[in-house]
Amino acid sequence: SKWNLPPGPPKLPIIGNLHQRGELHPRNRRNLSEKYGPVVHLRFGFVPMVVISSKEAAEDVLKTHDLECCNRPETAGIRMISYNAKDIGFAPYGEEWRAMRKLSVVELFSSKKIQSFRYVREEENNLLVKKLSESASSESLVSLKKTLYTLVGSIVCRVGLGQNLHECEFIDEDGIADIVQRSELLTRTSMFSDLFPGRIGELIDLFTGQTKRLENAFSELDTFFQNVLDDHLKPGRRVQEGSDIIDVMIDMMRKQDSFKITTDHLKGMISDIFLAGVSTSASTMIWAMTELIRNPRVMKKVQDEIRTTLGDKKESLTEEDLNQLHYFKLMVKEIFRLHPAAPLLLPRETMSHIKIQGYDIPKKTQILVNAYAIARDPNVWKNPDEFDPDRFVDSSVDYRGLNFELLPFGSGRRICPGMAMGIVIVEFGLLNLLYFFDWGLPEKEAAKKITTGDGVALDLVQVVLH
Ligand code: HEM
């Protein structure tokens, strides 16, 4: 080749590196960079791909070449849940993406909006504390997955979609974890036509039944999104928390005073808020509780700080209580480092030929920024696999997109717009769990485990009222 392409494993004819797909699993990703360096070239079928695993190379892509990369709805499942890229997360760079993102920032994520929904987060957390107190007094085990998906789902659905899950007719509050996980299955399901675009790929998917399987999985999600939309379209709808972003979009659609908003844009927005908002925050909290239960020294240090600072007598907490805590916030930062909810960020595609760390990256190459490997790079972090919030005591490294060794929310033009909301949901939820309760593994039986994100976290745990 006339180009200096990055190194990578040898490619077989036609399939390329398809037989090495497992290398892209979060736990294996570091192996790839250990063998080939921080910029690795792969090809899955006909799709060329570059995986970035160092902070310098990530900075090159996300800062220097930000404008030359756009997000890529790379699989059929993602095209479905993004309603053909009519959402924010997978919309190509352009006017529509800009308008949708701006809408979300003004109507959902501005600091004024986030502040004004403080009472929803406080109410939902109080409800959680009440439920957990009942589990504690009856000595029944608690499922972290069910508890935390329900907490985050209730907050996100109330704030973003105007749905109070405790009264909702079309979704059960305890069913949130299942529905989100079904969507994750959709994003993970690989179709032949994703790797070999064209008629032949589509026919093979049809004959092997993959198309049908994907459509079935999507249909349940789509029904939920359609119900949310129908609820907004009902004449005389009872608006509990004031009009939300979907009301605003419907209004804009009727007045035709913006870009041409279609039902796909509305469902794309609902899908983004629900899917991007719920599983990210819930899985971060599950990992925080898992690491704390596994590391009693850190658990004690965090709880001592919380209980000494806030005193022992509070009946409920407010978000202001978070401002007084220091070590607690370092613990959350350490969780964002060890367990980034989107380990490969959102896939990008080069819109022109660029150079990363001296390597040529041709136009239309998929770029995956391996935030997981970067946050565990032994050249940057001491004992990178250890859960140790103390590493941040004298460090100014932060996770808000400016330090490329720590990118749980991404960086650049596509940085997570829900970051401020996600942080407060995670921090305040954890604060309530740690202030009011003591946590441990069940005494006799082994704790049930769940696979989430990059590994196996705890699910069933024991809770005791402090
Ligand atoms: C702990 C919580 C969260 C984490 C760790 C997280 C992480 C991320 C990451 C890594 C990205 C991709 C950024 C990139 O590729 O550079 C992203 C994008 C996005 N996130 Fe979040 N997120 C969280 C919470 C939320 C919440 C609460 C919402 C909405 C309710 C949300 C909505 C979005 C959207 C719409 C995008 C796509 C942005 C675009 O492409 O322009 N996120 N998030």
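View 1. Being a prediction, the model has its local features limited to pLDDT of at least 70 and its side-chain atom pairs to pLDDT 80 or more, while totals for chains, interfaces and linings use all residues. Numbering runs from 1 along each chain as its sequence is written.

**View 2. The overall fold.** You'll find 17 helices and 12 strands in the chain, taken from DSSP runs (H or I, at least four residues, for helices; E, at least two, for strands) and numbered from the N terminus. The C-alpha trace spans about 70 × 60 × 40 Å along its principal axes. Of the 466 residues, 42% count as buried, i.e. with 20 or more other C-beta atoms (placed from the backbone) within 10 Å of their own.

**View 3. Zooming in on Cys-416.** This residue sits in the loop between helix H16 (371-374) and helix H17 (419-436). Cys-416 counts as buried because it has 25 C-beta neighbours inside 10 Å. Leaving out residues up to four places away in sequence, Cys-416 touches Phe-409, Gly-410 and Gly-422. An unreviewed UniProt entry annotates Cys-416 as "binding site"; such annotations may be inferred rather than shown by experiment.

View 4. Mean pLDDT (the predictor's per-residue confidence, from 0 to 100) is 90 for the chain, and 96% of its residues reach 70 or more. For the complex, the predictor gives an ipTM of 0.99 and a pTM of 0.94.

Note on methods
A residue is buried if 20 or more other C-beta atoms lie within 10 Å of its own, exposed if 12 or fewer, and partly exposed in between; C-beta atoms are placed from the backbone. Two residues are in contact if their C-beta atoms, placed from the backbone, lie within 7 Å.
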